[in-house]
Structure formats: C-alpha cells, structure tokens
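My notes follow in the order I took them.

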Amino acid sequence: MSEYFSGILLLNDNQYEESSKFLRKLNGLEKSHINYSVKYVYSAINSGNFNEAFNYAKKLEKQKLDSFESDLIIGVFYLKNSNL
C-alpha cells in the first residue's frame with residue numbers, strides 16, 4: 001500500500017522516474033483498481049519508458065482491462081513503427 005501512495009505522490013510532484021519505480025512493484029493491482037493502470041502508464045510515458053508502457057498496455061489488452069490511455073499507447077506505438 002505504501003508503494004502505491006508513494007508512487008502517486010511522486011507522480012503528482014512530476015517525479016515520473018521515481019513514481020514509475022514504486023508503481024512497477026505493484027504488478028497485478030490493475031485487476032482490482034483500474035486507476036492504477038492509468039497512473040502507471042502515465043508515469044512510464046513521462047519518464048521516457050515507452051517500451052515499458054507499450055508492453056504494459058499490451059498486457060492490459062490481453063487481460064481485457066485496457067483503457068483509453070493504454071489503447072492510445074498501443075496505437076501511437078504502431079503508428080510510430082509503421083506497423084498498421
């Protein structure tokens with residue numbers, strides 16, 4: 001629980017790299033807390049971890065837990081890599 005709150009506080013303080021480290025530790029929380037996945041994708045993108053965000057978005061898609069944000073990440077990734 002402390003990792004989640006630390007990650008959110010760091011995210012709100014624009015410390016994306018540190019936020020991403022805390023949120024990454026909570027793998028599996030997306031099943032019961034959809035806002036977690038949105039925050040995690042947001043921190044990964046803002047910290048420059050595009051591949052991590054894409055891989056996580058694909059994981060969400062496979063679990064049918066995708067959101068607008070994760071779909072957007074997948075779409076932009078494919079568009080950027082011309083994989084239409």
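**Entry 1: Glu61 and its partner.** The model is predicted, and I keep that in mind throughout. I started with Glu61, which is partly exposed at a relative accessible area of 32%. Which residue does Glu61 form a salt bridge with? I found Lys58, with the closest N and O atoms 2.9 Å apart. Lys58 is partly exposed too, with a relative accessible area of 21%. That value is not under 20%, so I could not log Lys58 as buried. Glu61 and Lys58 both sit in helix α4, three residues apart, so about one helical turn separates them.

**Entry 2: Lys59 and Glu30.** Next I looked up Lys59, and found a salt bridge between its side chain and that of Glu30. The N to O distance is 3.3 Å. Where does each partner lie? Lys59 belongs to helix α4, residues 50–62, while Glu30 is in the loop between α2 and α3. The two are 29 residues apart in sequence, so this pair ties together separate parts of the chain. Is Glu30 buried or exposed? I noted Glu30 as buried, because its relative accessibility is 2%. Lys59 is partly exposed, with a relative accessible area of 23%.

**Entry 3: Glu18 and Lys21.** I moved on to helix α2, residues 16–24. Here the side chains of Glu18 and Lys21 meet in a salt bridge, 3.3 Å from N to O. They are three residues apart in the helix, which means about one helical turn between them. Glu18 is partly exposed at 35% relative accessibility, and Lys21 is partly exposed at 37%. The count for the model comes to four salt bridges.

**Entry 4: His33.** I then checked His33, which is placed in the loop between α2 and α3. Which side chain does His33 reach in a polar contact? It is Tyr4, at 2.8 Å. His33 is partly exposed, with a relative accessible area of 26%. I also checked His33 against Ile8, 25 residues apart along the chain. Their C-alpha atoms are separated by 13 Å.

**Entry 5: the largest pocket.** I looked up the volume of the largest pocket and got about 180 Å³. Which helix gives the most to its lining? I found α5, with five residues. Helices α4 and α5 each supply at least two lining residues, and α5 spans 68–80. Among the lining residues are Phe50, Asn51, Phe54, Leu72, Ile73 and Val76. Ile45, Phe77, Lys80 and Asn81 also line the pocket. By class, I logged seven nonpolar, two polar and one charged residues.

**Entry 6: positive phi.** Last, I went through the backbone angles. Asn14 has a positive phi near 60°, and Asn14 is not a glycine. I placed Asn14 in the loop between α1, residues 2–12, and α2. Asn14 counts as exposed, because its relative accessibility is 53% and the cut-off is over 50%. Lys64 also has a positive phi, about 60°, although Lys64 is not a glycine. Where is Lys64 found? I found Lys64 in the loop between α4 and α5. Lys64 is exposed, at 70% relative accessibility.

Technical notes. Residues numbered from 1 in each chain as written. Predicted model: local features only at pLDDT ≥ 70, side-chain atom pairs only at ≥ 80, totals over all residues. Heavy atoms only, no water. Helix = DSSP H or I, 4+ residues; strand = E, 2+ residues; numbered from the N terminus. Buried < 20%, exposed > 50% of the residue type's maximum accessible area, 1.4 Å probe, protein only. Polar contact = N/O pair within 3.5 Å; in protein donor to acceptor, adjacent residues only side chain to side chain. 1 Å grid on protein atoms, 1.4 Å probe; cavity = no way out; pocket = protein on both sides within 12 Å on 5 of 7 lines; lining within 4 Å. Points joined across faces, edges and corners; volume = space filled by probe spheres on them. Nonpolar A, V, L, I, M, F, W, Y, C, P; charged D, E, K, R; others polar.
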